Amino acid sequence: AARPVWLQAAEEDTEVPYKLVQQSLERAHHWPGFTLRTLQGLGHDIGQHEATLLNDFLKAHAQDAYFEVDMNDAFDEWDDLELDIDVGPSIPGINA
């Protein structure tokens, strides 16, 4: 089965020109499982939309990696929230 490929592009992005994106899409648009979301009116400020795209992707294609937590039952205060993130081995000169 084809693996899903989801991309997001902002038409008014000045840091990643949409013309550059279009050149890449010419090759990718026919891939099985390809999905494109085009954003307008945001320029390069698409951070929150990236989170939404990732959330939707996980719900659609990796349900076992996605879960919801009832925040009221999980902890009483934001200060009680603890996250453990494994970033792998340190890279000399990068991770001090």
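1. Basis. This is a predicted model, in which local features need pLDDT of at least 70 and side-chain atom pairs count only at pLDDT 80 or more, while totals for chains, interfaces and linings use all residues. Residues are numbered from 1 along each chain as its sequence is written, and side-chain values use heavy atoms, with hydrogens and water left out.

2. Layout. The secondary structure of the chain comprises three helices and two strands, where helices (H or I, at least four residues) and strands (E, at least two) are DSSP runs numbered from the N terminus. Followed along the sequence, these elements give the pattern β-α-β-α-α.

3. Surface and contacts. The chain has 96 residues, of which 18% count as buried; buried means under 20% relative accessible area, exposed over 50%, and partly exposed in between, with a 1.4 Å probe and protein chains only. The chain exposes about 8100 Å², and carbon and sulfur atoms supply 52% of that area, as computed by the Shrake-Rupley method with a 1.4 Å probe, only the protein chains shown counting as cover for residues. Among contacts in the chain with a separation of 6 or more, 67% are between residues 24 or more positions apart, a contact being heavy atoms within 4.5 Å.

4. Aromatic pairs. A search of the whole structure finds two aromatic pairs; rings of Phe, Tyr and Trp (its six-membered ring) pair if their centres lie within 6.5 Å, and planes under 30 degrees apart count as stacked, over 60 as edge-to-face and the rest as tilted. W6 is buried, at 18% relative accessible area, whereas F57 is partly exposed, at 23%.

5. The pair of W31 and F34. W31 and F34 also form an edge-to-face aromatic pair, with 6.5 Å from centre to centre and 85° between the planes. W31 is partly exposed, with a relative accessibility of 41%, while F34 is buried, with a relative accessible area of 17%.

6. Q8. Where does Q8 lie? Q8 is placed in strand β1, and its 18% relative accessibility makes it count as buried. Leaving aside residues up to four places away in sequence, Q8 touches L36, R37, L39, I46, H49, E50 and L53.
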